[in-house]
Amino acid sequence: MARAFIFVLDSFGIGGAADADKYGDAGSDTFGHIAEACATGKADRDGLRNGPLAVPNMAALGLGRAARTATGFVFPDAPAGQGTFHGAAQEVSSGKDTPSGHWEIAALPVRFDWGYFPNTIPAFPASLTEAMIHEGKVPGILANRHASGTGVIEEFGEEHIRTGMPICYTSVDSVLQIAAHEAHFGLERLYDFCKIVRRLVDPLNIGRVIARPFIGETAATFSRTPNRRDFSVPPPEPTLLDRLTARGSRVIAVGKIGDIFAHRGISEVRKAPGNMAMFDKALTAIDDARDGDFVFANFVDFDTDFGHRRDVAGYAAALEAFDKRIPEALAKLRTGDLFILTADHGNDPTWRGTDHTRERIPVIGMAPGLKGGDIGLRPTFADIGETVAEHLGLATGRHGTSFLAELGDHA
């Protein structure tokens, strides 16, 4: 039996979603616009990076070919190696959020509509706010509106320290985020408060409540810590992860994967602060994976540190740093393994606002021992999960179609 690995570059969309106009995102293209900015010198930053986007390892896996499939965008190709494959996938879930994207990758599209909070001040219903204050035993809440995570901490952090009121905000995603100081408010107290809020928003069908701890004493010194925790709604049906663990395989979750799936279908969780430390964890997970096991890794910095902050140069530099490490992962693969690089949605750093963008995603990777090739435009992210399912010997699921046969016979 073989092994499988999915690395999710959180928010690394490649444009072209057929329904992007419904989300106000027609024309958004995270990869394409970053590459164009780099090519024209608009992503140069002293001491960080300069020049055209340099991602030769992803290019060799077919990133440029995937982009052409998604949008027609032309990016310099690199020779395709034996066993590499490339394509793009269209989302059928109703949102452009993290749970929807990851659940669909795991062969469970989100066919229902999440609940959302309006872009008003206040954003939360008065009854919810009152219940949060009463049951959470806090003197009040701050913000109560749509906001970016770093900006809202800068604006309300000092008042939070002074009053003890948690900072509560939302976005266009189905989410209620709560920022609080690790020392002044307390990390465990923040988690406990989030658990209360999780229960309170269940009737509203809100996808996630996210704890956003931070440190520092002034607006100039505040910084978020790696102790983020997501309190998610569990998937309504078995996902690829459930199917594997029920069979007796191990699912090793790297990064926030465990939180996204409400820790269902997860054998163990490995976390670390930052993409590079997370890559170290993912490499160790590859080493530890046995036949039939699945490693599912999320690299969140692309989204939180650069996409939402509309930092084109930072996003480009993060992609280049990630790309340099891909050979380390490929070197650990053995004949019969399946390695996939993909994304869960877009977050175009050149786009208006601070939110995710509705885009297609790359599906590129390597299957040592197979011929590889072009898998085309997949009609749903669920094709990724069903391919892993077939590869690992599971029965066919309900929601996607495996592309394993398109990778050809053993070379």
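Helices (H or I, at least four residues) and strands (E, at least two) are taken here as DSSP runs, numbered from the N terminus. The model is a predicted one, so local features need pLDDT of at least 70 and side-chain atom pairs count only at pLDDT 80 or more, while totals for chains, interfaces and linings use all residues. Residues are numbered from 1 along each chain as its sequence is written, and side-chain values use heavy atoms, with hydrogens and water left out.

The phi of A107 is near 70°, a positive value in a residue other than glycine. At 4% relative accessibility A107 counts as buried, the term meaning under 20% relative accessible area, with exposed being over 50% and partly exposed in between (1.4 Å probe, protein chains only). The loop between α4 (98-105) and α5 also holds P122, and the peptide bond that joins I121 to P122 is cis, with omega about 0°. As background, most residues other than glycine have a negative phi, and most peptide bonds are trans. Another positive phi turns up at A143, again in a residue other than glycine, with a value near 80°. A143 belongs to strand β3 and, with 15% relative accessibility, counts as buried.

Next comes the sheet. Strands of a sheet pair through backbone hydrogen bonds, either parallel or antiparallel. For two strands to count as paired, DSSP has to find at least two bridges between them. On that basis, 8 strands make up an open sheet with mixed pairing, in the order β10-β9-β11-β1-β12-β13-β2-β14. Its edge strands, each pairing on one side only, are β10 (268-270) and β14 (373-378). On average, and with direction ignored, neighbouring strands of this sheet are turned by 15° against each other; angles run from 0 to 180 degrees between N-to-C directions, and axes are lines fitted to C-alpha atoms, for helices over the stretch in contact.

Within the sheet, β1 (residues 4-9) runs parallel to β11 (residues 294-299), and 6 bridges join the two. L9 has F299 as its bridge partner in β11. β1 also pairs with β12 in the parallel sense, over 5 bridges, and here V8 stands opposite T342. On to β13: β12 pairs with this strand in the antiparallel sense over 3 bridges, and L341 has I364 as its bridge partner there. As for burial, 5 of the 5 residues of β12 are buried, so the strand is largely enclosed by the rest of the structure. Both faces are covered, with L338, I340 and T342 buried on one side and F339 and L341 on the other.

Helix α10 (residues 275-288) lies across β1, β9 (251-254), β10 and β11, at about 175° to β11. Helix α13 (residues 382-391) lies across β1, β11, β12 (338-342), β13 (361-366) and β14, and runs at about 170° to β12.

The buried residues of α6 are G149, V152, I153, F156, G157 and H160. Their cover includes β3 (142-146), β4 (167-170), β5 (175-181), α7 (182-201), β6 (208-215) and β7 (223-224), contact meaning heavy atoms within 4.5 Å. After α6 comes G164, with a positive phi near 80°.

Helix α5 (residues 126-136) packs with α7 at an angle of about 145°, and their axes are 10 Å apart. On the α5 side the contact is made by L128, A131, M132, E135 and G136, and on the α7 side by F193, I196, V197, R199, L200 and V201.

Finally, I141 lies in the loop between α5 and β3 and is buried, with a relative accessible area of 14%. Leaving aside neighbours within four places in sequence, I141 is in contact with F124, T129, M132, I133, M165, P166 and C168. The C-alpha atoms of I141 and S232 are separated by 21 Å, and the two residues are 91 residues apart along the chain.
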